[in-house]
Amino acid sequence: MGALLWLLIPLTAGLTAGIWAWGTGRRTAGPPDRGTFDDLDRYQRMRTVLGNH
């Protein structure tokens with residue numbers, strides 16, 4: 001019985017995560033964020049411009 005109780009812990013965690021994901025609207029994974037490097041380049045340019053003044 002003790003081994004079955006240990007299997008209940010991951011099952012409960014998985015169900016809780018599923019309910020949380022459903023409740024927050026994350027039913028499907030979104031596309032990857034492809035603008036990350038563009039944002040980084042923009043940040044570096046802004047930092048360079050502000051550093052010169």
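Asp39 and Arg42 sit 3 residues apart, about one turn, in helix H2 (residues 36–52), where helices (H or I, at least four residues) and strands (E, at least two) are DSSP runs numbered from the N terminus. An α-helix has 3.6 residues a turn, so residues three or four places apart point the same way. The two side chains form a salt bridge, with the closest N and O atoms 3.1 Å apart; the term stands for a side-chain nitrogen of Lys or Arg within 4 Å of a carboxyl oxygen of Asp or Glu.

The model is a predicted one, so local features need pLDDT of at least 70 and side-chain atom pairs count only at pLDDT 80 or more, while totals for chains, interfaces and linings use all residues. Residues are numbered from 1 along each chain as its sequence is written, and side-chain values use heavy atoms, with hydrogens and water left out.

How open are the partners? Asp39 is partly exposed, at a relative accessible area of 42%, and Arg42 is partly exposed as well, at 49%. On this scale buried is under 20% relative accessible area, exposed is over 50%, and partly exposed lies in between (1.4 Å probe, protein chains only).

Helix H2 also holds Leu40, partly exposed at 42%. Together with Phe37, Tyr43, Met46 and Leu50, Leu40 makes a nonpolar surface patch of about 560 Å². Patches take residues with over 30% relative accessible area and no salt bridge, joining like charges within 9 Å and nonpolar side chains (Val, Leu, Ile, Met, Phe, Trp, Tyr) within 5 Å.

As for the overall fold, the protein has 2 helices and 0 strands. Helix H1 (residues 2–24) runs for 23 residues and reaches 34 Å from first C-alpha to last, close to the 33 Å expected at 1.5 Å a residue, the expected span being 1.5 Å times one less than the number of residues. After H1 comes Gly25, with a positive phi near 90°. Of the 53 residues, 2% count as buried.

Conventions
Areas by Shrake-Rupley, 256 points an atom, 1.4 Å probe, with all protein chains shown as cover.
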